[in-house]
Amino acid sequence: MAKFMFLYRGGHEKMKEMSPEQMQQGVQAWMSWIQGGTDAGWLLDGGDGLNAEGQVVQSDLSVIDGPFAESKELVGGYSMVEAADLGAATELAKTSPMPAAGGTVEVRQLSGHTSD
Amino acid sequence: MSAEGVSTGATQLVEHFFRHESAKLIAVLTRAFGFSRLDLVEDKVQESMLAAMQAWRQRGVPTNPAGWIYRVARNRILDALRREEAHQRALALSHQTEADVELLVTEWLSEDQLPDSLLRMIFVCCHPALDRRSQIAMTLKILCGFSLAEIARGLLVSTEAAKKRVQRAKKTLAQQQVEIDLPSSAHLQARLSVVQEVLYLMFNEGYSTSQGIEPLREDICEEAARLCHLLCEHRAFSTPSTRALMALMLFHASRLEARVDSQGAVVLLADQDRSKWDRQLIAVADSWLERSKGESPSRFHLEAAIARVHCQADCVSSTDWGLIVRLYDRLLALNPSPLYILNRAVARGESGEVDAALADLESIRTGRAMSNYSLLDCAAGRLHELADNDAAAREAYTAALSAAVAPHEQALLRKKLEQLLPDEPA
């Protein structure tokens, strides 16, 4: 088995127009997905959301406000997943609520944790 | 990190939590910062709920989710106010310090004080300076947490029209310099009857099947009943007519599920599976009606009594139509509405007076007071059927079909016409 990180991006455009009831459905969809993955064992850590505002330390140690990416490019959260290979992890990413919310999931394998 | 930030890992929210939290916070915070800040408050509450969604979806719901959203909303509103000119800010804080306002808001959000803010907001949204449609739209927006798109879907208008209606209503209320107050005792009766009227119309918007069934519209029924219940729990507003309205809504609500078949098609009262009617709800409605005795019955009393007769009958033929006719007579004495005449005509027909009933319908037709003649032709069709005059029934249903707009109404009428086909000559 290998470990993967899911990086969630975007979905903000749809969010702005959401009604409270749709927000409820959104939160509920995420919570059931996280619960389901945890119970099944493939979700190692549901992870967390990331606030948009932050700072970036440059190579010369200067600090800039950032990351200033387009909101659909900005990483908005992450989760940790265990799967047999990249293909299997990608299939799991498809089951997340992110695509339906208008966002993307980037699936990346952790380099140092490949076991076999 | 604050205690609220710690996840409990809870994966369930109370039903309609966001919707009701939105209404609650908008009512209390607008009361604190003044009606002129309604737009700011609405924006910040929306932002806070989005922040909650982002923060909770992966970590679960915090121990006190309502407190979490409130704190974020409060901070964002105060931040926005701090960016304003000093005199404007002073106005928003009504010469109080931020700490004073915070104390006040915390008190108003407490369980025993919350209804007061919600009721004040109901009276603002149902202000007599607004027309009925705007009052309904404002109530759905502010007190029920409906988005403009949802209001549009519920009221069968475009989102643009719903937006304009809400914006105009806010402008009118601002021009009236409304206070977020309860009506004075001198105006209480008149103001309360407007609120009752709005809630009943809102309920009917949700209940009506004229455009088919849409789950969101049942939410409108539920919200109207919830707000009516809020009135019922207040000493000054729990009048006999408010309680009768509560009973009326619950009698209707008991039949919500039976109005639709498994394919989502509308089922008429006569064809409904009465075992699907919610007996528990009917019992609750009964007890509200019993507690609604007053000096003279209102339209809500009489309409609730009619709904009760239907709820008590096992089938159409065992319904006490004579009693229904007498109740419509009394309603007509209060308000000579053509819709009451039409409904009484159907009841008269069912109780055996078909000729008198047909004459009633003719009087409405010549009076030209109805907007929906398809309804009139449907009623006439039913009366002719009762008189075993199939040819006349066919003619009436055909006329109704030519005016029917909604696909499910057309389907119902086509089915009627098929059943009435003349026997093939042997």
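Analyst: Happy to; what follows is a few questions and answers on this predicted model.

User: Which element of chain A gives the most residues to the side that touches chain B?

Analyst: The contact takes 20 residues from chain A and 21 residues from chain B. On the side of chain A, α2 (20–40), β2 (43–49) and β5 (75–83) each supply at least two residues. With 12 residues, the top contributor is α2(A).

User: Which strands stand at the edges of the open sheet in chain A?

Analyst: The sheet has 4 strands in the order β2-β5-β1-β6, with antiparallel pairing. Two of them have a single partner strand each, so one side of each is left without a neighbour in the sheet. Those edge strands are β2(A) and β6(A) (103–109).

User: What is the bridge partner of A:Asp48 in β5(A)?

Analyst: β2(A) and β5(A) pair in the antiparallel sense over 4 bridges. In β5(A), the residue bridged to A:Asp48 is A:Tyr78.

User: Is α8(B) roughly parallel or roughly perpendicular to α9(B)?

Analyst: Helix α8 (148–155) and helix α9 (159–175) of chain B have their axes 8 Å apart and pack at an angle of about 110°. Angles of 65 to 115 degrees count as roughly perpendicular. Therefore the relation of α8(B) to α9(B) is roughly perpendicular.

Definitions and conventions. Residues numbered from 1 in each chain as written. Chains lettered and ligands numbered in written order. Predicted model: local features only at pLDDT ≥ 70, side-chain atom pairs only at ≥ 80, totals over all residues. Axes fitted to C-alpha atoms, helices over the stretch in contact; angles between N-to-C directions. Parallel < 35°, antiparallel > 145°, perpendicular 65-115°, else oblique. Contact = placed C-beta atoms within 7 Å. Pairing = 2+ DSSP bridges.
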